[in-house]
Amino acid sequence: MSKDFTELIPGLPEELALECLTRLHYSAHRVAGKVCHRWRELLQGRDFYYHRKQTGHTHKAACLIQSLSVQAESKLVGQSSYGVSVFDPVSGDWDRVDPVPKYPDGLPWFCQVASVEGKLVIMGGWDPVSWEPVKDVFVYEFTTQRWTQCKDMPSTRSFFAIGAVEGRVFIAGGHDESKNALNSAWVYDTRFDQWTELTRMSEERDECEGIIIGSEFWVVSGYDTENQGRFKSSAELLELETGKWRRVEDAWRATQCPRSCVGKGKNENLICWAESDSAVQVGACGVDIGEISLVTGSAYQGAPHGFFMLDRTKEGENGKLVKIDVPEVFSGFVQSGNYRIWFFC
């Protein structure tokens, strides 16, 4: 840790005091931050987050953009409202994040979600009342359990790829208000609340899917304006160190929609969650949470939405999906998902 933490707790050595605060469960941070200005500055600081991560006091949990009502996946989206559900694979507990103040009755439809440095980032989507695309960006800080509205996206875009790493959120592709497919890309720095335009991809990619693999941001499949619904088999990846795009042929099965079902295999290859098991072949969504993955989906159109765990360490041994019981209130359709770092008690 780079900051001076002397006398964090009067009478205790610096290292011991820091160790005590490090072991606080994240849910206690909001109250602990009221003890004094120094505690609040420490608990909400980026350095403290990385210190906890490096010392083994964190693990991953799944954050899902999920229907707040229990219904078949075939129902119209207009009849649903969406919120953020959190699943802790260690305890098996489910929880729900408080609504965004601007959207108390449900998140924008088709909004995108990413996780950076223990925070949750929600951006874009359609206003649930007017159905108009929005540029809103919200960040949820788990230590304070509060949402902050941040700088808007540079322009409205829907069904774009998203990926996050080291405090930065990358977006690319999607379509504009006139349904024109896009090849533009931007990066949002959560530390400075700032957007920066990136080099454009070589071609348009609407309804593409984003994933971070190592030091690369992959934009998988999608289609151009003149070929709506005809998904490409190619992908483009942004090398984060150089800022250059590289095209990859035959990265995805042509005609297969990639939204929410692009995963990373054991050897960091692309996999399709919809093809992992017949039980999730419709509306598949997968979230990697450490060495396991949470996979949701249905066996056929209109079938009940199922929730499954996959041990990724057994992937090469034909690891199978194992169905898990989920409280009924959390059994709604999952639109998309990501993971965040969860603090141990």
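V187 is found in strand β10, which covers residues 185–189 of this predicted model. Beyond the neighbours within four places in sequence, the contacts of V187 are R168, V169, F170, Q194, W195, T196 and L198. For M153, which is 34 residues away from V187 along the chain, the separation between the two C-alpha atoms is 9.7 Å.

Four strands form an open sheet in the order β8-β9-β10-β11, and their pairing is antiparallel. At the edges of this sheet are β8 (161–165) and β11 (194–197), each of which pairs on one side only. From one strand to the next, the twist averages 20°. Between β10 and β11, the antiparallel pairing runs over four bridges.

Attention now turns to the aromatic rings. Across the whole structure, the search finds 14 aromatic pairs. In one of them, the ring centres of F110 and W126 lie 4.9 Å apart with the planes at 80°, so the arrangement is edge-to-face. F110 belongs to the loop between β3 (94–96) and β4 (112–116), while W126 belongs to the loop between β5 (119–123) and β6 (137–141), so this pair ties together parts that are 16 residues apart in sequence. F110 is buried because its relative accessible area of 19% is under 20%. W126 also counts as buried, because its relative accessibility of 16% is under that cut-off.

The rings of Y223 and F231 provide a further example. Their centres are 5.1 Å apart and their planes meet at 75°, so this pair too is edge-to-face, as an angle over 60 degrees requires. Both Y223 and F231 are buried. Elsewhere, ring pairs join F87, W94, F307 and F330 into a cluster.

How values were computed
Residues numbered from 1 in each chain as written. Predicted model: local features only at pLDDT ≥ 70, side-chain atom pairs only at ≥ 80, totals over all residues. Heavy atoms only, no water. Helix = DSSP H or I, 4+ residues; strand = E, 2+ residues; numbered from the N terminus. Contact = heavy atoms within 4.5 Å. Phe/Tyr/Trp six-rings, centres within 6.5 Å; stacked < 30°, edge-to-face > 60°. Buried < 20%, exposed > 50% of the residue type's maximum accessible area, 1.4 Å probe, protein only. Pairing = 2+ DSSP bridges. Axes fitted to C-alpha atoms, helices over the stretch in contact; angles between N-to-C directions.
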